[in-house]
Amino acid sequence: MASSKNYLEYILEQLSELDDISYRAMMGEYIIYYHGKIIGGIYDDRFLVKPVKAAISMMPDAHMELPYEGAKEMLLVDDVENKEFLRELLEAMYKELPAPKKKRK
């Protein structure tokens with residue numbers, strides 16, 4: 001099942017307090033970027049983030065879920081209604097995320 005554009009727009013609105021949020025459509029799903037770093041994505045109308053230490057400590061009871069078959073597990077963000085929590089989560093995660101990979105030419 002692919003994610004809906006409506007759910008993407010809802011999550012982007014919830015993240016609107018942050019600067020430099022972007023996304024890329026990928027096979028019916030959406031990869032979410034914060035200042036150029038991949039923080040997670042929208043998969044089957046679920047907002048999933050990478051399981052870095054900051055995210056795990058801020059969401060200790062979060063379920064680990066597969067975004068798609070063959071992928072690494074990610075954390076399910078349940079509290080998508082709370083804009084302040086989402087802002088704090090992404091800001092905390094940013095420091096631990098790897099730099100974007102250079103594109104080959």
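Me: What makes the link between the side chains of glutamate 29 and serine 3 a polar contact?

Reply: The contact joins these side chains at 2.5 Å. A polar contact is a pair of N or O atoms within 3.5 Å, one able to donate a hydrogen and the other to accept it; residues adjacent in sequence count only if both atoms are side-chain atoms. As 2.5 Å is within 3.5 Å, the term applies. This is a predicted model, in which local features need pLDDT of at least 70, side-chain atom pairs count only at pLDDT 80 or more, and totals for chains, interfaces and linings use all residues. Residues are numbered from 1 along each chain as its sequence is written, and side-chain values use heavy atoms, with hydrogens and water left out.

Me: Which backbone nitrogen does the side chain of glutamate 29 reach?

Reply: The side chain of glutamate 29 reaches the backbone nitrogen of aspartate 44, at 3.0 Å.

Me: Why is glutamate 29 said to have no salt bridge?

Reply: A salt bridge requires a side-chain nitrogen of Lys or Arg within 4 Å of a carboxyl oxygen of Asp or Glu. For glutamate 29, which is buried, the nearest side chain of opposite charge is arginine 46, at 6.9 Å. That distance is not within 4 Å, and therefore no salt bridge is counted.

Me: How many aromatic pairs are there, and why is the pair of tyrosine 23 and tyrosine 30 called edge-to-face?

Reply: The count is 4 aromatic pairs. Rings of Phe, Tyr and Trp (its six-membered ring) pair if their centres lie within 6.5 Å; planes under 30 degrees apart are stacked, over 60 edge-to-face, and the rest tilted. The centres of tyrosine 23 and tyrosine 30 are 5.8 Å apart and their planes stand at 75°, so the pair is edge-to-face.

Me: Why is the pair of tyrosine 43 and tyrosine 68 called tilted?

Reply: Their ring centres are 6.1 Å apart and their planes lie at 45°, so this pair is tilted. The pair links distant parts of the chain, with tyrosine 43 in strand β3 and tyrosine 68 in the loop between β5 and β6, 25 residues apart.

Key
Buried < 20%, exposed > 50% of the residue type's maximum accessible area, 1.4 Å probe, protein only. Lys, Arg positive; Asp, Glu negative; His and termini not counted. Helix = DSSP H or I, 4+ residues; strand = E, 2+ residues; numbered from the N terminus.
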